[in-house]
Amino acid sequence: MTQELGVLNALDVAKTQWYHFTAIIIAGMGFFTDAYDLFCIAVVSKLLGRIYYYTPGSARPGSLPPNVSAAVSGVALCGTLAGQLFFGWLGDKLGRKKVYGITLILMVLCSFGSGLSFGHSAKATMTTLCLFRFWLGFGIGGDYPLSATIMSEYANKKTRGAFIAAVFAMQGFGILAGGIVALIVAAAFNNRFSAPAYEVDAVGSTVPEADYVWRVVLMFGAIPAGLTYYWRMKMPETARYTALVAKNAKQAAVDMSRVLQVELEAEEEKLEKIVATSKNSFGLFSKEFLKRHGLHLLGTTSTWFLLDIAFYSQNLFQKDIFTAIGWLPPAKTMSALEECFRIAKAQTLIALCGTVPGYWFTVALIDIIGRFTIQLIGFIMMTIFMFAIAFPYNHWILKENRIGFLVMYSLTFFFANFGPNATTFIVPAEIFPARLRSTCHGISAAAGKAGAIVGAFGFLYAAQNPDASKTDPGYPPGFGVKNSLIALGCINFLGGLLTLLVPEPKGKSLEELTGENEAPEEDAAARQPGNRAGQV
């Protein structure tokens with residue numbers, strides 16, 4: 001029989017209330033900003049190339065050199081990885097709430113800083129932009145473990161998966177907003193400062209005012225984050241951290257009485273008994289952690305790593321795929337602002353058709369069919385659709401088949417989001433002990449971002465045409481888009497296999513999953529020969 005604090009049980013059995021939706025909005029707006037900031041750079045990177053890397057007399061518009069393109073796309077991911085590890089650890093040491101405001105301030109300041117990047121040369125401007133985007137990523141990184149952990153610890157056990165998924169689903173709206181904001185800004189500037197195509201007037205195709213477009217798009221990310229700062233600071237610390245980590249049952253009861261609007265008993269003596277008798281004080285680098293949660297951590301880190309290789313390479317380089325299949329006209333036939341508008345339009349269509357719906361299917365079904373099933377089906381379907389695009393690739397690049405390509409490509413995004421992109425975020429916030437929950441989520445998320453970095457840097461080179469005369473300026477020949485997509489399909493298949501290491505948390509309380517309320521007598525009894533509870 002487990003020893004459970006009344007305040008934690010009250011959270012587990014609480015009906016869905018207004019505070020649940022408040023927490024989703026407060027945490028979700030951070031994720032909206034995270035996704036907006038990380039993905040909007042894909043929309044404006046070709047514009048940056050035209051403005052800062054124009055070569056007089058060239059038959060093709062300016063484009064970011066390989067190293068600069070990789071840095072601009074990938075530096076925020078490097079910052080995110082570092083932020084996930086640092087703030088994940090800090091969230092377990094200082095508390096979720098104390099660290100939550102710091103990440104938001106970083107995101108707001110660095111979003112503005114990215115738009116204000118300065119310099120007398122292209123190199124100086126790009127260096128400043130990369131500096132701000134690294135620290136932007138550092139703040140974004142902290143939001144991953146903290147938002148997931150806070151929502152997990154506030155939610156009831158019946159709908160916990162849907163609540164965490166709803167927070168993560170705001171990422172879809174962030175990606176969509178990145179495309180829409182770029183659409184509006186590019187259209188407004190193009191209407192006011194119309195310019196000829198590059199092949200008509202190379203210099204005149206990029207009007208000086210185009211330099212404001214990418215700055216406005218990047219700075220807009222600060223607005224939703226700034227709007228939620230006050231509400232983040234008003235949220236009380238989670239009861240699970242206050243009681244199980246800070247060992248303050250009285251404060252946990254006071255905080256949750258106010259949140260749930262019911263009277264809760266402090267149960268200080270019961271907490272002392274749990275602390276005194278519990279065998280769950282092991283650390284992250286202990287043999288006991290390895291025995292209990294080692295395979296779980298391997299499962300959450302490896303599946304997130306593999307998913308993000310595929311997910312981020314697809315998202316960050318949509319514009320290259322669209323160009324390759326002829327969705328975007330040749331760059332020389334457009335002005336700089338028209339090209340920015342068309343890229344934003346294509347990204348918005350993909351987000352609207354595949355990305356956003358997938359997230360909300362997860363929200364609706366995760367507590368019905370479970371995390372494991374959704375993740376496994378998602379990886380399998382991503383593999384199928386990636387291969388269905390890749391093997392008959394020459395079929396899809398024909399003009400009459402482009403609508404079919406959009407459908408197939410959208411379906412890979414749909415099953416990423418109604419699949420592992422959501423579940424890899426949710427599960428690490430549920431299956432680890434409270435004192436290590438934020439840290440383990442940060443480690444899992446950082447593994448994901450390591451995969452994103454592989455995707456962001458590797459796909460740039462891998463997707464180049466094998467014919468050296470057809471590669472983008474400055475790039476060596478690659479494997480081509482077709483072979484790169486086949487490789488991504490294989491990665492998705494491997495992710496499906498490693499999903500078998502991840503447990504199913506559906507319908508269980510966090511303490512049931514982690515064994516934090518177990519008394520030592522139970523552990524001893526469970527391990528007695530002949531006791532069915534001790535048999536595997």
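Modeller: Helices are DSSP runs of H or I with at least four residues, strands are runs of E with at least two, and both are numbered from the N terminus. This is a predicted model, in which local features need pLDDT of at least 70 and side-chain atom pairs count only at pLDDT 80 or more, while totals for chains, interfaces and linings use all residues. Residues are numbered from 1 along each chain as its sequence is written, and side-chain values use heavy atoms, with hydrogens and water left out.

Colleague: In which helix does V108 lie, and which residues does V108 touch beyond those up to four places away in sequence?

Modeller: V108 lies in helix α4, which covers residues 96-115. Because its relative accessible area is 18%, V108 counts as buried (buried means under 20%, exposed over 50% and partly exposed in between, with a 1.4 Å probe and protein chains only). The C-alpha atom of V108 is 9.7 Å from that of Y229, although 121 residues separate the two along the chain. With contact meaning heavy atoms within 4.5 Å, and residues up to four places away in sequence not counted, V108 touches A222, A225 and G226.

Colleague: How many helices and how many strands are there in the protein?

Modeller: The C-alpha atoms fill a box of roughly 80 × 45 × 35 Å along the principal axes, and 59% of the 536 residues count as buried. As for the elements themselves, the protein has 23 helices and zero strands.

Colleague: What is the radius of gyration of the protein?

Modeller: This radius is taken over C-alpha atoms, and the globule rule is 2.2 Å times the number of residues to the power 0.38. Because a compact globule of 536 residues would come out near 24 Å, the value for the protein agrees with the rule, at 24 Å.

Colleague: Where is the confidence lowest in the protein?

Modeller: The score is pLDDT, the predictor's confidence in each residue from 0 to 100, and its mean over the protein is 85, with 91% of residues reaching 70 or more. Over residues 520-536 the pLDDT is below 50, and this stretch has 13 contacts in the model beyond near neighbours in sequence. Among the helices, α19 (residues 420-426) has the highest confidence, at 95, whereas the lowest, at a mean of 45, belongs to helix α23 (residues 520-526).

Colleague: Is T300 buried or exposed?

Modeller: T300 is found in helix α13, residues 287-316, and its C-alpha atom lies 9.6 Å from that of P503, a residue 203 positions away in sequence. Leaving aside neighbours within four places, T300 is in contact with V427, P428, I431, F432, S444 and V502. Since its relative accessibility is 3%, T300 counts as buried.

Colleague: How far apart in space are G515 and I431, C-alpha to C-alpha?

Modeller: G515 is found in the loop between α22 (510-514) and α23, and this glycine is buried because its relative accessible area is 5%. Although 84 residues separate G515 and I431 in sequence, their C-alpha atoms are apart by 9.7 Å.

Colleague: With which residues is L244 in contact, leaving aside neighbours within four places in sequence?

Modeller: L244 is found in helix α10, residues 239-245, and is buried, because its relative accessible area is 12%. Its C-alpha atom is 54 Å from that of E339, which is 95 residues away along the chain. Leaving those sequence neighbours aside, L244 is in contact with L8, A239, A434, E511 and E516.

Colleague: What is the phi of K247 near?

Modeller: K247 is found in the loop between α10 and α11 (249-260), and is partly exposed, because its relative accessible area is 43%. Most residues other than glycine have a negative phi. In K247, a residue other than glycine, phi is positive, near 60°.
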